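Have the sequence and the 3D view ready as you read.

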Amino acid sequence: MMPIRMAGLGAAMFVLASMARSDGPMPMPLRPESFKWADSPVAKGFRAAWVLGQEKAQGPYILRVKASKGARLEPHSHPDERHTTVLSGTIQVGFGEQFDESRMVEIPAGAVLVVPARTPHFVWARQGDAEYQETGGGPTGTVFVPK
């Protein structure tokens, strides 16, 4: 019985050692300090960085957004469905063609919000600075609701 256990242990050690010597690719994290941040030209207090993909490119994308306390994003929509994950802070979000505080829902850190394609919505970093990440399928864009 003992030689079988030793053989099994030896085989397991061989497998682990060969996995450690794998010539496969190494993970390459995309670190926040490498992101190229830009101020929003249309929404004061918002900065964004394309983590993966681009606005006009075909395929999946990741967009990281920072909102400073009090920053508001007026009603707008996107051609694609967006999944928003709040990374830090809290944002307020409402659906509709007019910015209406009474229709806003609090989205805290860790929560995920799905915004259907072509659905007008608005965002407010009412309580303080917030950071969130949006994913979707491009090409994408932002269309503001006319006032």
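**A cavity, a sheet and a pocket**

Six nonpolar, two polar and two charged residues make up the lining of the largest cavity. Keep in mind that you are looking at a predicted model. The largest cavity holds about 50 Å³ of space, and the structure has one cavity of 30 Å³ or more. To find the lining, look for Arg 82, Thr 84, Ile 91, Val 93, Leu 113, Val 115, His 121, Val 123, Tyr 132 and Glu 134. At least two lining residues come from each of strand 5 (82-88), strand 6 (90-95), strand 8, strand 9 and strand 10.

Six strands form an open sheet in the order 1-2-3-10-5-8, and their pairing is antiparallel. At its edges are strand 1 (38-39) and strand 8 (112-115), each of which pairs on one side only. Follow strand 1 to its partner, strand 2 (residues 46-52): the two are joined in the antiparallel sense over two bridges. Here you can see Ala 38 opposite Ala 48 in strand 2.

Ala 48 leads us on to the largest pocket, where Ser 40, Ala 48, Leu 63, Val 65 and Thr 142 lie nearest the centre among 25 lining residues. This pocket contains about 480 Å³ of space. Which strand gives the most to its lining? Strand 2 does, with four residues. Strand 1, strand 3 (59-67), strand 4 (72-77), strand 9 (121-124) and strand 10 (130-138) are among the strands that each supply at least two. By type, the pocket lining divides into 13 nonpolar, seven polar and five charged residues.

Methods. Residues numbered from 1 in each chain as written. Predicted model: local features only at pLDDT ≥ 70, side-chain atom pairs only at ≥ 80, totals over all residues. Heavy atoms only, no water. Pairing = 2+ DSSP bridges. 1 Å grid on protein atoms, 1.4 Å probe; cavity = no way out; pocket = protein on both sides within 12 Å on 5 of 7 lines; lining within 4 Å. Points joined across faces, edges and corners; volume = space filled by probe spheres on them. Nonpolar A, V, L, I, M, F, W, Y, C, P; charged D, E, K, R; others polar.
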